[in-house]
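Biologist: Please show me the model, and then I will ask what the words used for it rest on.

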Amino acid sequence: MNTKDASKLIEKEWELSGFFGRLRGGVFDNDRLNKLIQLLEDVELDLNDKIDRRFVSLIWYIPLFIGWQIERIEDEKEIDLLKKGRNKIEGLLEEILGIP
């Protein structure tokens, strides 16, 4: 999947009814987290590709945002799943964006 198509899907997750909007309200949805992870896994970039600025703006903030929302979740099992998901996403972002 290219970054423009991925951006369209990720933008929906930032809406109030999306994964991040709901998480902000204290609602954790593991299925949607897994779909987000799958979406990031499906992003294909060539080493020479320029990365769309909008795509970067949508993804770089994800791990920070998830970390801030953990305290809104009450169920310990859900907290554990959310932390594992955040770690997986951080790894995927390193693959997509690279590391210094």
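Modeller: Start with one definition: buried means under 20% relative accessible area, exposed means over 50%, and partly exposed lies in between, with a 1.4 Å probe and protein chains only. This is a predicted model, in which local features need pLDDT of at least 70, side-chain atom pairs count only at pLDDT 80 or more, and totals for chains, interfaces and linings use all residues. Residues are numbered from 1 along each chain as its sequence is written, and side-chain values use heavy atoms, with hydrogens and water left out.

Biologist: Why does Thr3 count as buried?

Modeller: Thr3 has 8% relative accessibility, and the cut-off for buried is under 20%. Therefore Thr3 counts as buried. Thr3 lies in helix α1, where a helix is a DSSP run (H or I) of at least four residues, a strand (E) has at least two, and both are numbered from the N terminus.

Biologist: What is Thr3 in contact with, leaving aside its neighbours within four places in sequence?

Modeller: Val43, Leu45, Asp52 and Phe55; contact means heavy atoms within 4.5 Å. For the protein as a whole, 35% of the 100 residues count as buried.

Biologist: How many helices and strands does the protein have?

Modeller: There are 6 helices and 0 strands.

Biologist: What makes the protein as compact as a globular protein of its length?

Modeller: The radius of gyration, taken over C-alpha atoms, is set against the globule rule, 2.2 Å times the number of residues to the power 0.38. The protein has 13 Å, close to the 13 Å from the rule for 100 residues, so it is as compact as a globular protein of that length.

Biologist: Why are α1 and α3 called roughly antiparallel?

Modeller: Their axes cross at roughly 160° and come within 11 Å. Axes are lines fitted to C-alpha atoms, for helices over the stretch in contact, and angles run from 0 to 180 degrees between N-to-C directions. Under 35 degrees counts as roughly parallel, over 145 as roughly antiparallel, 65 to 115 as roughly perpendicular, and the rest as oblique. α1 and α3 are therefore roughly antiparallel. Ala6, Leu9, Ile10 and Glu13 of α1 make the contact with Arg32, Leu36, Leu39 and Leu40 of α3.

Biologist: How do you know how α5 runs relative to α6?

Modeller: α5 and α6 pack at about 165°, with axes 9 Å apart. The cut-off is over 145, which makes α5 roughly antiparallel to α6.
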